[in-house]
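Subject: Structure for you to look at

Hi there,

I'm passing along the structure we talked about, so please open it whenever you have a moment.

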Amino acid sequence: MSHQQLAPTGSALWVEKEPTTPFIADSHHVPLDHLGRAFAEGRPLAILIGEGKSGASYLIRRFLANIENDAAVARITEPCSDAIAGMREIIQAIGFEPKDMGLADLQNVFTMFLSTQKTHHRRTVICIEETQDNGWWMLDAVRRLVELEMEGKFGLMVVLSGRPGLNELLNEPPLDAICAHAGQRIALAPFSLDETREYIRWRVESAGTADVGKAFEFHAITLIHELCAGVPDAISTLCCKCRELADKKGMATVTTDLVKRAGKALRMVPMMQLSDDETVSVEVYNVGPQSGRLIARANGDVIQEVSLNRERILIGRDELCDIRINSDLASRHHALVINSPSGVTLVDLGSTNGTSVDGRHIKQCELKDSDVIAIGDCKIEYVAGDNPLA
């Protein structure tokens, strides 16, 4: 029986032994202080923006740990399908069983709970993570909750966290009015090189695999940091792939060459000449943004073509939009295309005349190759991949 049959591999340990104690880097202390100050000042809303999911998630866990004895907490970590699902999660988190209640009943229960909290001088905190992945209804629900707090002073605080694309959504009316109550948005910076080293050391020691110096070459960690731009999610994914390749080769230590192979497999680096002729055969997982383009047509003629080489593409009538539609049927900021590792998402920004995809009226949807977005008389085709329009 082989060693691999007797015990989990290094890559398996990295995944299975997910640390329960959050990693707080030096760059996290300032955002953590801002969250604590917002809570102490009784702000109804706080907004945390940063690349990746895990950094914000760790930060929120630490923030809640500091206040959990003083407040009721509802934390939504995954997107909810609709307003009823979202309210049910909140109601369950504060200790109620929603059963088959409708939206109005759920809202009434929550309002009564807030009134009870106020009577006993206790606070309530709702944290919504990866906010940009929820539908427009979630942002509207947040607006209503913040307005409720401003009118009733229930001691409610809503914490929104998400990727940079969330900024565009929050800047649109009527959300911009309630976002003013959040004060300055809290920015979560990516790791410095030293923080990346400490993060990898923490993950290695938490997994119980080996000393970090034996698990990763010094310069391999430097390359990991450069490829991932200091984003914790990407660092974790790349390290796991490195350990997987090391296990397949029977190597105890991840070298810079293995990092290049893993980065190539994850499409984080371009095709490159490796140190030998061995072919890497691994599952491809997109860590970077999706590739492709948007082709806008009016009266059948192509008027603009935009490559998906950025995280956000704003569509509307305003001159500063990435795709400008010179029509009264288009709102000033009409829709937003969010390009992330998980896919390309179209979000209607509360436009007057609406947005449709392949004839279906939408508020938010994931775009697929050859989908056609209709805004007034303008048609915008999404073409996946790098091939130009024929």
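Below is what I found, from the overall picture to the details.

Please keep in mind that this is a predicted model. The protein has 14 helices and 16 strands. Of its 390 residues, 49% are buried. If you look at contacts between residues at least 6 apart in sequence, 60% of them join residues at least 24 apart.

The largest nonpolar core has 41 residues. Leu 45, Phe 110, Ile 126, Val 142, Leu 169 and Leu 170 have the most contacts inside this core. Helix 7 (residues 136-152) gives the core its largest share, six residues. Apart from this core lies another one of 30 residues, including Val 231, Ile 235, Leu 238 and Ala 262.

Leu 170 deserves a click. Beyond its neighbours within four places in sequence, Leu 170 is in contact with Ile 47, Leu 139, Leu 160, Leu 175, Asp 176, Cys 179 and Arg 185.

Six strands form an open sheet in the order 7-6-16-15-12-13, and their pairing is antiparallel. Strand 7 (301-307) and strand 13 (360-362) are the edges, each pairing on one side only. From one strand to the next, the twist averages 30°. Within the sheet, strand 6 (residues 292-298) and strand 16 (residues 378-384) run antiparallel and are joined by seven bridges. Arg 297, for instance, has Lys 379 in strand 16 as its bridge partner.

Note on methods:
Residues numbered from 1 in each chain as written. Predicted model: local features only at pLDDT ≥ 70, side-chain atom pairs only at ≥ 80, totals over all residues. Heavy atoms only, no water. Pairing = 2+ DSSP bridges. Helix = DSSP H or I, 4+ residues; strand = E, 2+ residues; numbered from the N terminus. Axes fitted to C-alpha atoms, helices over the stretch in contact; angles between N-to-C directions. Buried < 20%, exposed > 50% of the residue type's maximum accessible area, 1.4 Å probe, protein only. Contact = heavy atoms within 4.5 Å. Core = buried A, V, L, I, M, F, W, Y, C linked by side-chain atoms within 4.5 Å.
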